[in-house]
Structures are given as structure tokens and as C-alpha cells.
Amino acid sequence: MTKFTEDHEWIDGDGDVVTVGITDYAQNALGDVVFVELPEVGGTFSKGDEVAVVESVKAASEVYAPLDGEIVEINDALEGEPGLVNSSPTEGGWFFKIKLNNTSDLDGLMDKAAYDAHVAGLD
Amino acid sequence: MSVDELLTTPLYDLHVAAGGKMVPFAGYSMPVQYPLGIMKEHLHTREKAGLFDVSHMGQCYIRSTDGSDPAKTLEEIMPGALAVLKPGKMRLTVLLNDDGGIEDDLMIARTFESEGTLFVVVNGACKEKDFSIIEERFAGRLVLEPLADRALLALQGPRAEAVLAELAPEVKDMVFMETTMITLEGTVCWVSRCGYTGEDGFEISVPEADAPAFAQRLLRHADLEWIGLGARDSLRLEAGLCLSGHDFDGSITPVEAGLAFTLGKKRREAGDFIASERILSQLQDGPDKSLVGIVPVGRAPAREGAEIADLDGNIIGTVTSGGFGPTFGGPVARGYVPKAFTEEGTEIQLMIRGKAHPAKVVATPFVPQRYKRKQA
């Protein structure tokens with residue numbers, strides 16, 4: 001089941017390794033993405049730490065770790081084709097896979113209905 | 001400043017209707033981008049033509065009180081060859097302070113009035129400052145008449161001439177840095193062949209009441225799109241054009257900012273402008289630091305404020321403008337470095353989020369300028 005954060009990240013997966021990216025709302029707000037700075041595999045992060053940076057033509061925006069864990073894989077395709085974040089935010093444009101310290105942390109995140117309501121409240 | 005206090009241009013309703021994302025800029029609510037997005041707006045301008053609302057900029061007439069040439073008077077604080085400007089000709093110049101620093105850069109055009117009246121356009125963020133510097137320094141000698149009731153549209157790109165020629169075929173005869181009065185759609189406009197994108201194009205000063213209908217008439221052309229401030233910035237950066245208050249400020253001389261071309265040849269010989277001693281000695285010996293073009297080796301853009309380091313990691317300067325160049329196809333930046341690092345090809349480093357990224361000093365513009373100059 002896919003979960004969401006208030007910072008417009010999606011977290012997908014059921015086991016202890018989950019995939020993280022940014023939502024369609026986020027990519028649309030950022031505009032054309034020209035560079036993504038991803039974390040190093042093996043890096044450990046706590047919820048709220050700056051884990052990646054997305055550079056659009058306009059500006060740089062931080063991406064925060066949605067939960068505590070260790071980075072186990074990053075999306076190398078973004079280096080050559082950062083525009084995947086715009087064209088395919090929830091599939092080809094994923095950022096990294098993180099091994100969660102506590103899978104129960106997922107319960108504290110929003111489901112799709114709650115996220116959609118969150119986004120609807122922003123505009 | 002709260003959003004409520006922001007000024008709007010006469011074209012505000014058109015921007016909102018076109019889906020413009022409005023942001024505060026120089027005290028105005030201005031479109032940073034439209035639904036096309038900055039990248040496509042930028043590329044469209046280079047391939048076809050873009051329409052920019054730049055009505056936030058300061059427009060004025062400057063006249064003399066005693067029949068003397070107002071351009072000659074302004075030359076005290078502007079080192080360009082202004083007095084020699086013939087009617088219908090314009091020039092980019094700089095407004096200097098007592099130290100030879102650049103308070104602003106501005107366009108000065110000679111009108112067709114017998115008194116030699118000047119039509120002047122200054123940067124939006126500087127207009128109050130520029131106008132008061134001129135009014136205070138030349139009180140009793142010059143009269144400055146702000147043209148607050150005029151919109152300013154920039155029409156830029158290789159198809160700009162074709163778009164405007166539909167309304168006024170005579171614009172085909174104009175060349176870069178020429179200005180004239182033309183009746184467009186029944187309203188008298190100042191049309192200048194200049195711009196801030198590196199492309200051929202025009203800036204058109206239109207009475208505010210007629211501006212929306214005029215803009216809509218232009219936009220009927222299939223090749224023309226509204227372009228926002230975001231693409232305006234990436235276009236001017238690629239073209240190697242300075243952003244006032246960022247690529248220079250009152251502490252930077254025209255020589256340091258790479259604007260020595262605005263110093264008239266005879267003006268240099270005469271040395272008859274403010275702080276000429278400092279500026280002329282910099283011209284002769286080279287300034288201690290200069291604004292250079294920088295291309296990062298990797299893909300990470302370096303933004304304004306990023307530190308520039310030498311290969312040993314010593315901080316040697318700061319990026320003043322930087323971002324992604326859509327036409328260039330990668331990140332580009334400009335910043336000040338000491339004399340020893342100004343040569344093309346010099347290897348430096350850019351500090352981005354605490355990490356050093358390799359970069360090289362290069363010549364600007366990053367993308368060639370394509371002005372319509374007079375045929376030799």
C-alpha cells in the first residue's frame with residue numbers, strides 16, 4: 001500500500017524495504033527538474049533529515065527522510081534523465097529505497113485518501 | 001511586503017487568465033511562469049517568439065531646463081557616449097556613484113523632440129532610487145517626467161520581427177539599438193529594437209489603457225507565447241547579460257562587471273565622469289577581480305550565493321547568478337574571481353551544499369547573441 005507525507009513524498013512497499021519518490025503534486029509545483037542529488041547507498045537517516053535535493057530550473061528544494069532507516073538503493077537513471085521526476089513521478093522517477101528501522105512507523109503516514117484531502121486543502 | 005500591498009501592471013488580468021503563476025517581484029505581482037513552464041517558455045523564445053510583461057520597469061522622459069543637452073548633463077554620472085546620440089538611437093549605460101560603483105544599468109534613447117529629450121528605461125527594483133539620484137543631483141538643470149501610465153512589453157525571439165511587422169511593416173527597417181515612435185493599432189508606441197534575452201526583438205512602450213488589447217492582438221500570432229520572469233532570467237543568464245543588484249551593485253565598477261564596453265572611447269580619453277580615476281586605472285591595469293562565466297563540470301546547478309574555491313579549497317569568490325541553461329543544456333553560472341583566475345579554462349570549484357564540485361572559467365555569452373545589427 002502506498003503511503004504519503006505532508007512534504008509530498010510517496011512511500012511504497014509492505015516489507016522493511018520501501019521505495020520513496022515525490023508526488024505528482026510536488027513535481028508539478030517544482031516545475032522542470034534538471035538535477036537530483038541522491039543520498040549514498042549505506043547512508044542512515046532519521047525522519048526529517050535532508051536526504052536528497054531536487055533542482056528545477058527555478059530553484060533547489062530539499063527532500064526529507066520520511067522515516068528512520070538506511071538507504072539500500074538509489075535510482076541511477078535520474079542522473080542522466082532527471083526529467084523522469086516530471087514525466088513519471090510515481091514510477092520511473094523514484095528516488096531511493098530505504099530499509100526501515102521500524103516498519104510500524106509506516107502506520108503514522110497518510111493513506112491516499114488522507115493525502116488527497118491534504119493537497120485539496122492547499123489550493 | 002504583504003501580497004495586498006503589491007502593485008499590478010495593466011496586464012495583470014491577462015496573466016491570470018493565461019494561467020500565470022503570480023509572484024512578488026520588485027513590488028509588483030508578476031508572472032514567474034505560465035502553464036507551459038520555464039523550460040518550454042525559454043526554448044520557445046529561442047525558437048520562435050515570446051512576449052514578456054516588463055511594465056514594472058521604470059520609464060521616464062528627461063529634459064533640460066535651460067536648452068542644453070540633457071544627455072551631456074547625465075554624462076557626469078554615466079560614462080557612455082550619450083551626448084552624441086542621434087534621434088532614434090539608444091544605448092545601454094550605467095549610473096555610477098561617487099566611488100565608480102554601479103547603482104544601476106539603464107537604456108537611454110534620444111527622442112525626436114527638438115529639445116533633445118531622452119526616453120529612459122531603468123530596472124524595476126531600482127526605479128525610485130535611480131529617479132531620485134538623477135533628480136537630486138541635477139535639481140534645477142534636468143526635469144525627470146516618470147511615465148507611470150505606460151506599460152512595457154518585450155517581444156523577443158527570431159520570429160519577433162515577423163510578429164510585429166504584421167502590425168507595422170516598417171519595423172523591418174530597424175536595427176539593434178534603434179528606437180522610434182510608431183502608431184500600432186491606433187495607439188502611439190515607443191518601439192525599440194533591443195531586449196534582455198540575447199535574441200533579436202523589440203521593447204514596446206504602450207499607454208496603459210491600450211496595453212491589454214495590444215498584447216492580445218500580438219498574441220493572435222501562432223508563433224507568440226506569454227513568457228514569465230523565470231525564463232526571462234535563464235534567457236538573460238545564457239546571453240551573458242547582467243542582473244542589476246545581483247551581478248553588480250554599488251560596490252562594483254563597470255570594468256569589474258565586464259561592462260567596459262559601455263564606456264565611450266572619447267569619454268575614456270577625456271576622463272570626464274565621476275570616479276574616472278579609479279575606473280580608468282582599472283582599465284589600464286586590469287581590475288583585482290572580475291565577473292567571469294563559469295560552467296560546472298557536473299550536472300548540479302550552482303545558485304546565487306554559492307562560494308567559488310580554488311583547487312586547494314580556498315574560497316576566492318561568490319556566484320552572483322547561476323542556474324540551468326535550457327538552450328545551453330546544462331548548468332551555467334557567473335561570479336567574481338581574483339585576477340589570477342580570470343583566464344578561460346581556469347579550473348575552479350563551486351561549493352554546493354557543502355561539497356566541492358569541479359568547474360571551469362569560460363567566456364560569455366553561454367549562448368551566442370543574435371541581434372539584428374546594421375549590415376556592413
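This is a predicted model: local features need pLDDT of at least 70, side-chain atom pairs count only at pLDDT 80 or more; totals for chains, interfaces and linings use all residues.
**Stop 1: the largest pocket.** Select B:Leu92, B:Met107, B:Phe176, B:Met177 and B:Phe261; of the 41 residues lining the largest pocket, these are the closest to its centre. The space here comes to about 880 Å³. Next, colour three strands of chain B: E5 (90-96), E6 (102-110) and E7 (118-122), each of which gives the lining at least two residues. Colour the lining of this largest pocket by class, and 23 residues are nonpolar, nine polar and nine charged. Domain 1 (1-286) and domain 2 (288-376) of chain B each contribute at least three residues to it.

**Stop 2: the second largest pocket.** Move to B:Phe25, B:Leu229, B:Asp233, B:Arg236 and B:Leu243, the closest to the centre among the 29 residues that line the second largest pocket. Its space is about 750 Å³. Which element supplies the largest share of this lining? Select H7(B): seven of the lining residues come from this helix. Strand E1 (21-25) and strand E16 (315-325) of chain B also supply at least two residues each. By class, the lining of the second largest pocket holds 13 nonpolar, 10 polar and six charged residues. Because domain 1 (1-286) and domain 2 (288-376) of chain B both give residues to the lining, the second largest pocket lies between them.

**Stop 3: helix H6.** Select residues 211-219 of chain B, which form helix H6. Show the side chains of its buried residues: B:Ala211, B:Phe214, B:Ala215, B:Arg217 and B:Leu218. Turn the view to look down the axis of H6(B); the buried residues fall within an arc of 160 degrees, so they line one face of the helix. In an α-helix there are 3.6 residues a turn, so residues three or four places apart point the same way.

Methods
Residues are numbered from 1 along each chain as its sequence is written. Chains are lettered from A and ligands numbered from 1 in the order in which they are written. Side-chain values use heavy atoms; hydrogens and water are left out. Buried means under 20% relative accessible area, exposed over 50%, partly exposed in between (1.4 Å probe, protein chains only). Helices (H or I, at least four residues) and strands (E, at least two) are DSSP runs, numbered from the N terminus. The arc is that of the directions from the helix axis to the C-beta atoms. On a 1 Å grid over the protein atoms alone, a cavity is a set of points where a 1.4 Å probe fits but cannot get out, and a pocket is an open set with protein on both sides within 12 Å along at least five of seven lines; lining residues have an atom within 4 Å of a point. Grid points are joined across faces, edges and corners, and a volume is the space filled by probe spheres set on the points. Ala, Val, Leu, Ile, Met, Phe, Trp, Tyr, Cys and Pro count as nonpolar, Asp, Glu, Lys and Arg as charged, and the others, Gly among them, as polar. Domain bounds come from an automatic or database domain assignment.
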